Structure formats: structure tokens, C-alpha cells
Amino acid sequence: MKPGDEVAVHQLLGRIVYFHALFVEPVLVPPPAATVGEMCCNHRSPVRTVRPDTGGLLAGTAWAVLDEVATTLGTSVGRCPSHGATCCATCRVADSAAAVAEAWLAAEHRAYRRPEPHGPMRQACREAAAARLTRVFVYQHHAPCPAAHVGEKAGAWLLPGTDELPLTGELLALWRDPLAVGGSPVVSWLNHCTDFDDIRRVLDTRRPTP
């Protein structure tokens with residue numbers, strides 16, 4: 001990976017942390033009940049084969065912040081029931097990315113007074129985020145995992161655009177192929193907003209007058 005690629009990845013991970021802390025975390029609603037995710041590849045039975053470089057791999061990279069952001073979501077993350085340092089790092093990236101995207105989707109719907117997102121949209125966002133971020137992690141750290149999310153089965157038409165849900169839309173768009181993006185991928189009008197009210201005002205001004 002070229003030095004410029006690594007800088008781009010670090011910028012995009014930093015953007016997730018910044019937007020989550022600024023916009024999403026203040027309006028997070030506790031989930032109604034805990035959800036248990038699937039076992040990661042290191043904890044599946046009857047065969048448990050610990051993959052090399054698990055444990056310390058995630059903690060020693062900038063990707064650890066994605067895991068930290070997902071931790072703020074509490075019991076709604078849907079991680080491996082044995083979640084911890086012995087889990088597959090690639091599985092943890094996939095699960096955390098999916099959880100973050102779903103949380104942002106729900107937070108934006110509430111902030112803009114839209115109906116709760118339906119199941120297929122939630123699934124599409126989870127799959128897209130997991131697949132896109134995991135592909136970059138695997139490429140950067142040479143950590144392929146057959147159990148991690150690598151495909152997007154749900155229809156692309158279900159994914160929100162930046163003109164509809166700016167945060168979620170930008171998250172998915174920037175990670176579609178982040179290493180091919182030139183210029184300054186983290187510069188947008190969202191940088192001038194400080195809360196969801198600011199974003200909603202901008203969206204209102206951009207909508208056509210009836």
C-alpha cells in the first residue's frame with residue numbers, strides 16, 4: 001500500500017469517529033433489547049481454528065477506532081458472543097462497520113423526522129458498509145477471512161444518497177473505492193455543520209420549492 005493510500009484510509013476512519021461523536025452519539029437511542037451476532041471464525045464450533053495475527057492486529061492499527069465507535073452502540077452491535085481480543089480482526093471490522101452504518105441510518109431518520117428505516121434498507125446499509133470497509137482492511141493488512149462480509153447482496157437502489165441522508169450516504173460513497181478517490185475526499189458541506197439541525201436546514205434549502 002502506498003503512503004498516500006494509508007493517509008486516505010486514516011482520514012476516512014477519522015471522519016467516522018468525528019461524525020459519530022459530533023452528530024450521532026448525542027442522539028443515540030438505547031436499543032430495546034440485546035442482539036447477539038454470529039460467531040466469528042475463531043469461535044465457531046465444532047472446529048475452532050485461531051487465525052494468525054488475530055488479537056493484536058486490530059489493536060495495533062488505526063482501525064481500532066472503528067471498534068471503539070461500535071462499542072458506544074452498546075448491545076445493538078450484533079457481534080460475536082465471545083467478542084474480544086481473540087476474535088478474528090477482520091470479522092470485528094465487518095461487524096463494527098455494519099453496526100455503525102445501521103446506527104447512522106436510524107439516527108438520520110429520526111433527526112430529519114422520517115419514518116424508521118425499513119428492514120431491507122437496514123440490511124443493505126449493513127452489507128454495504130461491512131463489505132466496503134472490510135475490503136480496504138483486508139487489502140491494507142493482508143488479512144483475508146472467508147467468514148467476513150465481502151459481498152453486497154441487497155439491492156444498491158436501497159442505499160441512501162448524500163442528498164437524502166448526507167452522513168450515511170457519504171459514509172457509503174467514500175468507502176466504495178476510497179483508494180481511487182483523488183483530491184480531498186473528506187471535504188464537503190458537512191464540515192460546516194455542528195449538529196443535525198444544521199444539516200436539516202441545508203437539506204431544506206436544497207429541496208425544490210413546491
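Me: Is the crossing in which α4 passes α5 left-handed or right-handed?
Reply: It's right-handed: the near helix is turned clockwise from the far one by less than a right angle. Keep in mind that this is a predicted model, where local features need pLDDT of at least 70, side-chain atom pairs count only at pLDDT 80 or more, and totals for chains, interfaces and linings use all residues. Residues are numbered from 1 along each chain as its sequence is written, and side-chain values use heavy atoms, leaving out hydrogens and water.

Me: Why is α4 called oblique to α5?
Reply: The axes of α4 (residues 89-111) and α5 (residues 119-141) cross at roughly 140° and come within 8 Å. Under 35 degrees is roughly parallel, over 145 roughly antiparallel, 65 to 115 roughly perpendicular and the rest oblique, so α4 is oblique to α5.

Me: How do you know whether Thr168 is buried or exposed?
Reply: Its relative accessible area is 0%. Buried means under 20%, exposed over 50% and partly exposed in between, with a 1.4 Å probe and protein chains only, so Thr168 is buried. Thr168 sits in α6 (residues 166-174) and touches Trp104, Leu105 and Cys125, among others.

Me: What makes Asp67 count as buried?
Reply: Asp67 has 10% relative accessibility, so it falls in the buried class too. You'll find Asp67 in α3 (residues 64-71).

Me: With which side chain does the side chain of Asp67 make a polar contact?
Reply: With that of Ser96, at 3.3 Å; the cut-off is a pair of N or O atoms within 3.5 Å, one able to donate a hydrogen and the other to accept it.

Definitions and conventions
Axes fitted to C-alpha atoms, helices over the stretch in contact; angles between N-to-C directions. Helix = DSSP H or I, 4+ residues; strand = E, 2+ residues; numbered from the N terminus. Contact = heavy atoms within 4.5 Å. Lists of a residue's contacts leave out its neighbours within four places in sequence.
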